[in-house]
Amino acid sequence: MKKILIIEDELPLREAFAFLLQSEGYEVEVAENGKVGLEKLKLFSPDIILLDLLMPVMNGIEFLKALSKQRNTSVHFKTLVLSNLSDPMTRDDIRDFHVAGVAMKADLSPSELAATVKKLVG
């Protein structure tokens with residue numbers, strides 16, 4: 001069973017994404033910010049992380065920076081950034097971390113999210 005870590009501060013979205021992906025057969029863990037996400041990674045090895053950018057405590061970019069400093073080379077997972085930010089500067093910051101993709105939350109239907117995740121992790 002493929003594993004997904006959802007890092008999203010908005011409870012309704014976090015729950016909706018988790019429900020959708022669990023119904024698609026994935027094992028799902030959730031975190032409400034990047035700091036909690038880093039803690040989850042100590043015990044949970046996802047195949048993909050769905051990462052929001054704008055969050056309290058530790059935002060998505062801070063999470064990616066922290067992750068790149070501590071990432072074990074034997075751990076392999078992809079990161080899909082889900083955000084409503086379209087700022088080119090932010091997109092450049094994200095590319096520096098070699099994320100698998102960036103999707104606009106406002107434009108992403110549940111079926112598109114499921115298809116994107118399936119495409120990235122199978």
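Reader: How exposed is K40, in terms of relative accessible area?

Author: K40 is partly exposed, with a relative accessible area of 26%, where buried means under 20%, exposed over 50% and partly exposed in between, using a 1.4 Å probe and protein chains only. E29 is likewise described as partly exposed, at 28%. This is a predicted model, in which local features need pLDDT of at least 70 and side-chain atom pairs count only at pLDDT 80 or more, while totals for chains, interfaces and linings use all residues. Residues are numbered from 1 along each chain as its sequence is written, and side-chain values use heavy atoms, with hydrogens and water left out.

Reader: Which residue meets K40 in a salt bridge?

Author: Side chains of opposite charge can pair when their charged atoms come close. A salt bridge is a side-chain nitrogen of Lys or Arg within 4 Å of a carboxyl oxygen of Asp or Glu, and here K40 meets E29 at 3.1 Å, N to O.

Reader: How many salt bridges does the structure hold, and which residues are linked in a network?

Author: There are four salt bridges, and the network links E8, D52 and K105. K105 pairs with E8, their closest N and O atoms being 2.9 Å apart, and this pair links distant parts of the chain, 97 residues apart. K105 also forms a salt bridge with D52, at 3.2 Å between the closest N and O atoms.

Reader: Are the residues of these two pairs buried or exposed?

Author: K105 and E8 are both buried, and D52 is buried as well.

Technical notes. Helix = DSSP H or I, 4+ residues; strand = E, 2+ residues; numbered from the N terminus.
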